[in-house]
Amino acid sequence: MLCLSRQLLQQIREHARESYPQEGCGAMLGWAHGKSKEVRQVEAIPNERLEQASRRFLISSKAVRELERRAEERGWAVLGFFHSHPDAESVPSLYDREHAWPWYSYLIVSVREGQSRDERCWNLRDDRSGFQREELVILGGD
């Protein structure tokens, strides 16, 4: 289960809209408690993908290491990543599966004609055979 506030979800949606027609992306930082993850901060990250940026995103290993360092300084962890699917459903693609890691949460926002439409959260199965839907809990306030 991934829990985040309406305010943080709004930040993700805004980044997705602002990035359109390219894929926007970023990370979610916070605490993990057993099977529950609580997002405390989201960070938009520039899509480093130079080709097909309207259908693909890239967050470099250097950026991930920096995220991990900043999260650790606060006693947090990188809980997962978010990205948008311009003019497509909020369902992971084969490319998403090939580049994902188990345990992390993957929040995908569908953006159609420049407007955020819906979002869904996913986890990659440990055997990498595909994604399973993760419960997304939106909390009121911060």
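Predicted model: local features only at pLDDT ≥ 70, side-chain atom pairs only at ≥ 80, totals over all residues.

Visitor: Why is Phe 81 called buried?

Guide: Buried means under 20% relative accessible area, exposed means over 50%, and partly exposed is in between (1.4 Å probe, protein chains only). Phe 81 has 5% relative accessibility, so Phe 81 counts as buried. Tyr 104 has 13%, so Tyr 104 counts as buried too.

Visitor: What makes the rings of Phe 81 and Tyr 104 a tilted pair?

Guide: Rings of Phe, Tyr and Trp (its six-membered ring) pair if their centres lie within 6.5 Å; planes under 30 degrees apart count as stacked, over 60 as edge-to-face and the rest as tilted. Here the centres are 5.3 Å apart and the planes are at 55°, so the pair is tilted. Phe 81 and Tyr 104 are 23 residues apart in the chain.

Visitor: And why are Tyr 106 and Phe 131 called edge-to-face?

Guide: Their ring centres are 6.0 Å apart and their planes are at 85°, so this pair is edge-to-face. Tyr 106 is in strand S5 and Phe 131 in strand S7; strands (E, at least two residues) and helices (H or I, at least four) are DSSP runs, numbered from the N terminus. Both residues are buried. One aromatic cluster is formed by Phe 81, Trp 101, Trp 103, Tyr 104, Tyr 106 and Phe 131.

Visitor: How do you know that Lys 37 lies over the face of Trp 103?

Guide: A charge sits over a ring if NZ of Lys or CZ of Arg is within 6 Å of the ring centre and within 35 degrees of the ring normal. Lys 37 is over the face of Trp 103, at 4.2 Å from the ring centre. Arg 133 is placed over the face of Trp 122, at 5.6 Å.

Visitor: What is the phi of Gln 52?

Guide: Phi is near 55°, a positive value in a residue other than glycine. Most residues other than glycine have a negative phi.

Visitor: Why does Gln 52 count as partly exposed?

Guide: Gln 52 has a relative accessible area of 44%, so Gln 52 is partly exposed.

Definitions and conventions:
Residues numbered from 1 in each chain as written. Heavy atoms only, no water.
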